[in-house]
Amino acid sequence: MFTEAHVDFFNQQPTPFYYYDMDLLNLTLRQVKKWGLSKGFHVHYALKANNHIQLLQRLQEAGLGADCVSGGEIERAIEGGFSPDQIAFAGVGKSDQEIELALSLNIFCFNVESIEELTVLNEIAGKKGQVAPIALRINPDVDAKTHRYITTGLSENKFGINEESLAEALTLVHELDHIQLIGIHFHIGSQINQLEPFQKLVRRANELNQHIEAQGHHLTVINVGGGFGINYEAPDAEPIPDFERFFGLFESSMNLKNHQQLHFELGRSVVGQCGSLITKVLYTKPGRTRKFAIVDAGMTELLRPALYQATHHMEVLTSDLPPETYDIVGPICESSDTFRKSVELSGLQRGDIIAMRSTGAYGEVMTSRYNLRPQNPSVFSSQIPALAT
Ligand code: LLP
């Protein structure tokens, strides 16, 4: 994926920084279009994965909508070119100010997660003389079989309205004048690589759709969320997730009525593989059993390994030396600041450049100011003259 032109350019930039391959993003979007949008599905891009304006503009131009979880994300989506009627507002804890902002903009839909939220939304919409379009987020109690921190569709998780409260929520929706139920929403978790959890979700979504419509509700939006995973181990072997398989499952097994449209909220699968965190080796030092390579990126730039024990493929861009076994660690003063343990890489020396791959999603957005480290500007492939076509 990386060429000499990349290395020359990277050597002139202050490291660490995020790099985005816009050509790969374009190719990925083509697949989303081919297997998703062109089948009539709506895909709302989950801004929480990455909210760079340059990326948002491409996603909007490609025909995606936006899935936002805060007032800040709603404003960023607008800045990125999305129109309010393309924006869904999700989140288990929407503040009154955020609700007011979303109502003032007339967004497409609020994904409501609790009975109390329904009454608050109704009250605020009432004061503004508006009717809020909503989808009820239902917790389908489906195991996403992913890391426990990013599983969201089990009844023990904080997300969505559980089945015991659903009847009450539906009655309330009838009674509240400033709420209009337009759909149902699910999201079972993230980085889901098997299709089985999605198959279970489809079964529950079909049952609930049938059940709720039978009670006289008119659901036009069936939103099955996001969660489709990417290949972290071998990003070059699978730079684009198999969208044919993913969308194909829903196409073949969702029982939609004529007035219904299928919506998705994809984040990681769209932008994950196009981003890399570019870092330089500061020092190497021998440990008891293997060497440490201390790089200039830390958990402040990429939190996923420390928080979820996530593995990111490391690509050494500047060394042809025989391989050695390293622990790749950052400069932050705690032992959780470790990117990889016992990884075999080409021999490393001070100044070598490493690309931490598959960091386009939940990488840059999760950076922190811990230790007041510098935040360097990101680089886009379109900025590298030798790559410009
Ligand atoms: N919709 C809802 C309601 C969500 O909560 C999420 C992600 C998405 C859509 C997009 O999911 P995706 O297609 O990206 O899997 N920071 C974690 C991931 C957290 C995901 C949170 N929700 C990580 O680095 O793995």
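The axes of helix α2 (residues 22-35) and helix α3 (residues 53-61) come within 11 Å and cross at roughly 30°. Here, axes are lines fitted to C-alpha atoms, for helices over the stretch in contact, and angles run from 0 to 180 degrees between N-to-C directions. Helices (H or I, at least four residues) and strands (E, at least two) are DSSP runs, numbered from the N terminus. The angle therefore makes α2 roughly parallel to α3. Angles under 35 degrees count as roughly parallel, over 145 as roughly antiparallel, 65 to 115 as roughly perpendicular and the rest as oblique. The crossing of α2 past α3 is right-handed. A crossing is right-handed if the near helix is turned clockwise from the far one by less than a right angle, and left-handed if anticlockwise. On the α2 side, the contact is made by Met22, Leu25, Asn26 and Leu29. On the α3 side, Gln54, Leu55, Arg58 and Leu59 take part. Contact means heavy atoms within 4.5 Å. The residues of the contact of α2 with α3 divide into five nonpolar, two polar and one charged. In this scheme, Ala, Val, Leu, Ile, Met, Phe, Trp, Tyr, Cys and Pro count as nonpolar, Asp, Glu, Lys and Arg as charged, and the others, Gly among them, as polar.

The model is predicted: local features need pLDDT of at least 70, side-chain atom pairs count only at pLDDT 80 or more, and totals for chains, interfaces and linings use all residues. Residues are numbered from 1 along each chain as its sequence is written, and side-chain values use heavy atoms, with hydrogens and water left out.

Helix α2 also packs with helix α9 (residues 243-253). The angle is about 25°, with the axes 9 Å apart. That makes α2 roughly parallel to α9. The crossing of α2 past α9 is right-handed. Thr28, Gln31, Val32 and Trp35 of α2 make the contact with Phe243, Glu244 and Phe247 of α9. By class, the contact of α2 with α9 has four nonpolar, two polar and one charged residues.

A further helix pair is formed by α7 (residues 163-175) and α8 (residues 196-214). Their axes come within 13 Å and cross at roughly 30°. The two helices are therefore roughly parallel to each other. The crossing of α7 and α8 is right-handed. Glu163, Leu166 and Leu170 in α7 meet Arg204, Leu208 and Ile212 in α8. This contact of α7 with α8 has four nonpolar, no polar and two charged residues.

Histidine 185 is found in strand β7 (residues 179-185). The relative accessible area of histidine 185 is 1%, so the residue is buried. Buried means under 20% relative accessible area, exposed over 50%, partly exposed in between (1.4 Å probe, protein chains only). The side chain of histidine 185 makes a polar contact with the side chain of glutamate 265, at 3.1 Å. A polar contact is a pair of N or O atoms within 3.5 Å; within protein, one must be able to donate a hydrogen and the other to accept it, and residues adjacent in sequence count only if both atoms are side-chain atoms. Leaving aside neighbours within four places in sequence, histidine 185 is in contact with Asn111, Ala135, Leu136, Arg137, Ile138, Asn223, Gly225 and Glu265.

Arginine 290 lies in the loop between β10 (275-286) and β11 (291-295). With 28% relative accessibility, arginine 290 counts as partly exposed. The side chain of arginine 290 makes a polar contact with the side chain of aspartate 327, at 3.0 Å. Not counting residues up to four places away in sequence, arginine 290 touches Thr325, Asp327, Lys341 and Ser342. The C-alpha atoms of arginine 290 and threonine 325 are separated by 6.0 Å, while the two residues are 35 residues apart along the chain.

Backbone geometry was also examined. Most residues other than glycine have a negative phi, and most peptide bonds are trans. A cis peptide bond joins threonine 15 and proline 16, with omega about 0°. Proline 16 sits in the loop between α1 (4-11) and β1 (17-20). Aspartate 141 is not a glycine, yet has a positive phi of about 55°. The loop between β6 (132-137) and α7 holds aspartate 141. At 45% relative accessibility, aspartate 141 counts as partly exposed. Asparagine 371, also not a glycine, has a positive phi of about 70°. This asparagine 371 is found in the loop between β15 (353-356) and β16 (379-380). Its relative accessibility is 37%, so asparagine 371 counts as partly exposed.
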